[in-house]
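Subject: Handover of a structure and its findings

Dear colleague,

Please find below the structure that I am passing on to you. My notes on what was found in it follow directly after.

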Amino acid sequence: MSASATMPVIERGTAASRIAAMAVAVIIALLAIAPQFLSAGAVDRMTALFIYVILAAMWNALAGFGGLVSVGQQVFFGLGAYFAIRLADAGLNPFLALFASGIVVGVVSIPLSLFMLRLRNGEFAIGMWVIAALTHLLVNLDRLVQGETGTSLISLNVYDAGTRRATIYWLALASMTALLAVLFGLLRGSTGAAIRAIRDNEDAAASVGVRVTGTKRLLFVLAAFGIGIAGALWLATSITFQPKTYFNVQWTAYMIFMVLVGGIGTFEGAILGALVFFLIETWFGGTGVWYLVGLGATAVLFSLFLPRGLWGTIEERFGLRLLPVGYRVRLPADPTDGDASPSPQQATTSRERA
């Protein structure tokens, strides 16, 4: 047996991942033309799904890949909606205001990161929740918002319902696709390796030359921008803005649920978790408080019995990776074993390497 046959293989892309990449392109193309065939209600539900995917992917990027667990990401969701209201009121086209508000949220997150990223672990998580609560109070002081009475993105009403619905759908689809592409590219590069190194051991990462603060700030701002876009898009679908709704901690709870169920720290897991949450909401959202109880119970059960989530468990058991962002070591079969085909657990490590 040659020496090369016994050497571990370092791999990233696989046949499955190449097929998945083509499938993703086809799915996006089909989604782009879907409004021509879907009912108005279905278009609205699909728009909600795109927003959920954005929320899950951004929280997973921050916590799953960067190790920055936050329970206050609703601050960016609320600010995205609030700045969209403000920019539209200043005369900006309401559809342009949706994107511009995300940029403003990203800019606002830069000075916020200067002191929030000094905190670690639980301090960071609770600190973000405090920032969200304070921001909620400040937004209530704006006379345009009228406290908890709220206001509306009335400039959207100049468009007929069909045009408005389809445009918001396409904006949500484009935003989701662009944000996932940017995140995927970021995680596959040297910055992604630095992000995972910081997550695993921040001090060790700094000791080998990783720019810890700058890398964490990049991730923090990207997550803020993406969640801000999601908040603005949600406003566009509902028109009405009430601070207590948009700054509610339930939004971060939803993000955590989607990531825990799908698989924290896996790119595919956030997307799968968003789809699971979307289906649960669609089928059981009308059951009132029992819906929320069910979500909580499901999250607890997954934490206890499937701590790696759905996709993490699939990846560990079958070695399947559709959208890999890191490298993986594939071990050769044991030459003394009569079975030349190793199991997925034997053939691959369960953790991606930078």
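A residue is called buried when its relative accessible area is under 20%, exposed when it is over 50%, and partly exposed in between, with a 1.4 Å probe and only protein chains considered. Helices (H or I, at least four residues) and strands (E, at least two) are DSSP runs, numbered from the N terminus.

This is a predicted model, in which local features need pLDDT of at least 70 and side-chain atom pairs count only at pLDDT 80 or more, while totals for chains, interfaces and linings use all residues. Residues are numbered from 1 along each chain as its sequence is written, and side-chain values use heavy atoms, with hydrogens and water left out.

Overall content. The protein has 15 helices and 4 strands, and 46% of its 354 residues count as buried. Taking a contact as heavy atoms within 4.5 Å, residues 24 or more positions apart supply 78% of the contacts with a separation of 6 or more. The accessible surface (Shrake-Rupley method, 1.4 Å probe; for residues, only the protein chains shown count as cover) is about 16,500 Å², and 67% of that belongs to carbon and sulfur atoms.

Helix α9. Of the 27 residues of α9, 20 are buried, so this helix is largely enclosed by the rest of the structure. The helix covers residues 212-238, and its end C-alpha atoms are 39 Å apart, in agreement with the 39 Å that it should span at 1.5 Å a residue; the expected span is 1.5 Å times one less than the number of residues. I239 follows α9 and has a positive phi, near 70°.

Helix α4. S109 lies in α4 (residues 94-116) and is buried, at 0% relative accessibility. Leaving aside residues up to four places away in sequence, S109 touches F76, F220, V221 and A224.

Annotated spans. An unreviewed UniProt entry places the feature "transmembrane region" at several spans, including residues 50-83, 95-117 and 218-241; such annotations may be inferred rather than shown by experiment, and the positions follow the numbering used here, with feature names shortened. Residues 95-117 are 96% helix and 0% strand, with end C-alpha atoms 32 Å apart. For residues 50-83 the figures are 76% helix, 0% strand and 21 Å between the end C-alpha atoms.

Helix α5. V130 is located in α5 (residues 121-140) and is partly exposed, with a relative accessible area of 35%.

With kind regards
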